[in-house]
Amino acid sequence: MLSAAPFECPPNLLAHAQQHPPLKTAVVNATTLTVMTSVKLATEHNLIEPILVGDSDIIHSMAAAINWDIRAFTVIDAESDLKAAKLSVALAHSDEVSALMKGHIHSETLMQEALQRKQGIRLKRRPSHAFYMTVPGDKSGICITDAVINILPRVKQKIEITRNAIELMHALGHPNPRVALISGTEVPTPEMPSSMDAIEVVKEAENGALPGAEIAGPMALDVAISEKAATIKGVDNTVAGKADVLLVPNLEAGNILFKQMVYSMSATAAGLVLGMKVPIMLTSRADPPEARLASAALASIYAAHRDL
């Protein structure tokens, strides 16, 4: 059954972000009402200072439709979503903006430009995506990674994805986040590769590869998020039932999980690409303005933490 509860940008996340100056942000292909409404909200909440990239006639038309005076902001004309991606990434590459926000553009198109080795904004570390999920009326949130970029990560990639997620949780004020390595079992099973990967990730963590976090797995989803389930199943560690981060086995699992939360629980999915030169607010094109506003808040918090 689909949830009819209204989406909500978490007030505590918004308040945390508003402690920092607005991020100068290139909005990649800002050519729909949903995108422009989201940008307006983020600007009014002092989270971003936008540079609007895309068809300038459409951008001005959309702004007029939502009664938003954009004369104080830069509009960069781009005749296609690909051109908008190239121009926006170039702004980040040259340090003219501190963040990117996905507008009406496929994630693959934007990320292909961002990941260009010479003209892009990749670093030596592996980029990954995280959704910070919150439900209406609840101040706590949970991080799901990676549901967008890394399709079928193996042990080395999972370690890097985990490292990025730990940094994000530190930015959010969790000095020692609990990371659950999700599988379909708590028992290492060769027929279930994610369970074997989890054992290797835990070993690397024990050897110091992932400081600043509690890492445990493999564990099924119920054990990771329910103390009752963990107790019944006899799983006793510092993460079971209290996970802050769910490291999913592959992109498909993460995609299904976050969308189930969005549509069944009215969860707000704040989406961010981590481990790049600048944060990229990367949400689904179907996401509501509240999710984009929460993504802007998350980007502000993450960027400020990295500047420390």
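The model is predicted: local features need pLDDT of at least 70, side-chain atom pairs count only at pLDDT 80 or more, and totals for chains, interfaces and linings use all residues. Residues are numbered from 1 along each chain as its sequence is written, and side-chain values use heavy atoms, with hydrogens and water left out. Eleven strands form an open sheet with mixed pairing. The salt bridge count is ten, and the disulfide count is zero.

**The sheet**

- Helices (H or I, at least four residues) and strands (E, at least two) are DSSP runs, numbered from the N terminus.
- Two strands pair if DSSP finds at least two bridges between them.
- The strand order is β3-β2-β1-β4-β11-β10-β5-β6-β9-β7-β8.
- β3 (74-77) and β8 stand at the edges, each with a single partner strand, so one side of each has no neighbour in the sheet.
- Helix α4 (residues 81-93) packs on the sheet and touches β1 (23-28), β2 (48-54), β3 and β4 (99-102). Contact here means heavy atoms within 4.5 Å.
- The direction of α4 makes about 160 degrees with that of β1. Axes are lines fitted to C-alpha atoms, for helices over the stretch in contact, and angles run from 0 to 180 degrees between N-to-C directions.

**Strand β7 and its partners**

- Four of the five residues of β7 (residues 178-182) are buried. Buried means under 20% relative accessible area, exposed means over 50%, and partly exposed lies in between (1.4 Å probe, protein chains only).
- β7 pairs with β8 (residues 214-219) in the parallel sense, over four bridges. A180 has A216 of β8 as its bridge partner.
- β7 also runs parallel to β9 (residues 245-247), joined by three bridges. V179 has V245 of β9 as its bridge partner.
- Strands of a sheet pair through backbone hydrogen bonds, either parallel or antiparallel.
- β7, helix α7 (residues 193-206) and β8 make a right-handed β-α-β unit. Right-handed means that, with the strands pointing away from the viewer, the path from the first strand over the helix to the second runs clockwise.

**Helix α5**

- Six of the eight residues of α5 are buried. They are S107, T109, L110, M111, E113 and A114.
- These buried residues pack against β1, α4, β4, β10 and β11.

**Salt bridges**

- A salt bridge is a side-chain nitrogen of Lys or Arg within 4 Å of a carboxyl oxygen of Asp or Glu. The count by this rule is ten.
- D95 and K277 meet in a salt bridge at 3.0 Å, N to O. D95 is in the loop between α4 and β4, K277 is in the loop between β10 (268-274) and β11 (280-281), and they are 182 residues apart.
- D95 is exposed, at 58% relative accessible area. K277 is partly exposed, at 33%.
- E167 and R125 meet at 2.9 Å, N to O. E167 lies in helix α6 (residues 155-171) and R125 in the loop between α5 (107-114) and β5 (128-134), so the pair ties together parts that are 42 residues apart in sequence.
- E167 is buried, with a relative accessible area of 17%, whereas R125 is partly exposed at 27%.
- K233 forms a salt bridge with D222, with the closest N and O atoms 2.9 Å apart. K233 is in helix α9 (residues 227-233) and D222 in helix α8 (residues 221-225), eleven residues apart.
- K233 is partly exposed, at 43% relative accessibility. D222 is partly exposed too, at 30%.
- R154, K158 and D197 form one network, joined by salt bridges that share partners.

**Cysteines**

- A disulfide is a pair of cysteine sulfur atoms within 2.5 Å. The count by this rule is zero.
- The cysteine sulfur closest to that of C9 is in C143, 16 Å away, which is too far for a bond. C143 is in no disulfide.
- C9 is buried, with a relative accessible area of 11%. C143 is also buried, at 0%.
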